[in-house]
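Here are some notes to read beside the structure. Please keep the 3D view open as you go.

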Amino acid sequence: MARPALPGEGDAPAECLAARGANGRPAHAAALRFYWGPMDCGKSTMALQMNYNHSRQGRRGLVTTRIDRSLGPQVTTRIGLAHEAVEVTDSLDLRTLVRAAWADGVRVDYLICDEASFYSVEHVEQMAELVDSYDVDVYAFGLATDFRSCLFPAAQRLFELADSVARIQVEVLCWCGREGLLNARVANGRVVREGEQVVIGDTADTVESADLRYQVLCRRHHRHGDLGPRGGAPSA
């Protein structure tokens, strides 16, 4: 069964559509790209680097985020970089955001969508519509799975719709030295398996530094709830 039309589909202004070459094909084919990885692998850093690389070549874009670790309208990184951003709320329509910029005479060639796993599935549909009907590139960055090792709904939809999906290659290690794959939620020194899917926290080196935090583990130690000799007691 065909998907019902989304609000605003098919009404992109003609002047905003892709320029076409002699063969009738778009001179620039926009794409939806999803870059994912566990915590600490540099997703937000890569998002800001992507924005910098495009902007220095004369392209103009918007940076968006949702539930950044700073709890403010900005993209922040653990290595100290930061950039102002549009906070994505449930009611925000990304297509309306781009249309409003165009109406103000601001060119938008691309969107950088950080913390994309926390967006709604509707936001992901809007990203695809921006690419397909408005010729706006969308670069999404986020986690794939939550603390239970289950896919976030938005991440699942990005895996289904994105033109390309790439795992960020910066290696994050579990305490044991194996590759870190999964994000464990740690409360009072133990890995927890139940609770809301999204709860704000951060990574930390010692359990004393936070009552609620996250730690990247390999699959073996995530399954066993083993945080290592410095991490706290195994989960029950």
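1. First, a caution. This is a predicted model. Read every point below with that in mind.

2. Look at strand S2, which covers residues 61–65. Is S2 largely enclosed or largely open? Four of its five residues are buried, so the rest of the structure largely encloses this strand. Buried here means under 20% relative accessible area.

3. Now find the neighbours of S2. Strand S6, residues 110–113, pairs with S2 in the parallel sense. Four bridges link S2 and S6.

4. Next, go to His83. This residue lies in strand S4, residues 82–84. His83 has 32% relative accessibility, so it counts as partly exposed. The range for that label lies between buried, under 20%, and exposed, over 50%. Pro73 is ten residues away from His83 along the chain, and their C-alpha atoms are 8.9 Å apart.

5. Which residues make the nonpolar patch of about 210 Å²? They are Leu151, Phe159 and Val165. Leu151 sits in the loop between strand S7 (137–142) and helix H4 (153–161). Its relative accessible area is 39%, so Leu151 is partly exposed.

Key. Residues are numbered from 1 along each chain as its sequence is written. This is a predicted model: local features need pLDDT of at least 70, side-chain atom pairs count only at pLDDT 80 or more; totals for chains, interfaces and linings use all residues. Side-chain values use heavy atoms; hydrogens and water are left out. Patches are made of residues with over 30% relative accessible area and no salt bridge: like charges are joined within 9 Å, nonpolar side chains (Val, Leu, Ile, Met, Phe, Trp, Tyr) within 5 Å. Accessible areas come from the Shrake-Rupley method with a 1.4 Å probe; for residues, only the protein chains shown count as cover. A salt bridge is a side-chain nitrogen of Lys or Arg within 4 Å of a carboxyl oxygen of Asp or Glu. Helices (H or I, at least four residues) and strands (E, at least two) are DSSP runs, numbered from the N terminus. Buried means under 20% relative accessible area, exposed over 50%, partly exposed in between (1.4 Å probe, protein chains only). Two strands pair if DSSP finds at least two bridges between them.
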